[in-house]
Amino acid sequence: MKSWRKLTLSLLLGIALSAAAATDLANRQAFDRLLDESGLHLESSPNFIDIPISTNPVLPYEHAMRHKSGELELRFIIRPLNRIEIEYNDPHNAAPEPNHLFPLLFESLIDRLSANSNYNSRTLSQPEAREKFNAQWAALSIFDINPEFSSDYKNAILLAMHKNDHADAYTLFLYNDHEQAKILITAALATLSFTSKPVKTQ
């Protein structure tokens, strides 16, 4: 009887693991299509491993990676401009174009992700944004992370980048100890960047 129960448990566990692996694979394939659609490239590194994404009440994200040391986690948020729908009810003004929304979206994400109103932001120069990320605009913000978004980490750096007619893309760096993580953050800063290829339309 005990052997039968062990066999049943092993089979159920195997089915559950197989289902989880299939879900992870489907999520990664969907993320790769999103990268392609947005004209983005994700740099692979043997020091980072893909980790499962989970439903998040604060802000959904499309992919996550963790450094093997556990000192740094990266979460990626991608918003192709051709998918942005703008609800605008002002009859006296034209609706804003998706290419012009990136500063507002950046501030909105900070408000949702930060634990308080204390944060520091910096906009990169256009040459720096182009050189580092092949983007037309990029900015960084550092803040304490909303614990509802992540209970494992206390601190975050949000990197935002925009390229006209492509996408708004964000890399969120999560960590606890800045001194221990800053070398890893510097090395991983350009993990996500725009390619020089034309964007693909759906």
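Trainee: Which residue in the hairpin of β7 and β8 takes a positive phi?

Mentor: Please bear in mind that this is a predicted model. In that hairpin, three residues lie between the strands, and D165 takes a positive phi near 65 degrees.

Trainee: Are the residues of β7 buried or exposed?

Mentor: Nine of the nine residues of β7 are buried. N155, I157, L159, M161 and K163 point one way from the strand, while A156, L158, A160 and H162 point the other way.

Trainee: Which residues of α2 are buried, and why do they lie on the same side of the helix?

Mentor: The general idea is that an α-helix has 3.6 residues a turn, so residues three or four places apart point the same way. In α2, the buried residues are F102, F106, L109, I110 and L113. They are on the same side of α2 because they cover an arc of only 100 degrees around the axis. On the other side, L104 and D111 are exposed.

Trainee: Against which strands do the buried residues of α2 pack?

Mentor: They pack against β5, β6, β7 and β8. The helix itself, residues 102-113, reaches 16 Å from its first C-alpha to its last, close to the 16 Å expected at 1.5 Å a residue.

How values were computed. Residues are numbered from 1 along each chain as its sequence is written. This is a predicted model: local features need pLDDT of at least 70, side-chain atom pairs count only at pLDDT 80 or more; totals for chains, interfaces and linings use all residues. Side-chain values use heavy atoms; hydrogens and water are left out. Helices (H or I, at least four residues) and strands (E, at least two) are DSSP runs, numbered from the N terminus. The expected span of a helix is 1.5 Å times one less than its number of residues. Buried means under 20% relative accessible area, exposed over 50%, partly exposed in between (1.4 Å probe, protein chains only). The arc is that of the directions from the helix axis to the C-beta atoms. Contact means heavy atoms within 4.5 Å. Two strands pair if DSSP finds at least two bridges between them.
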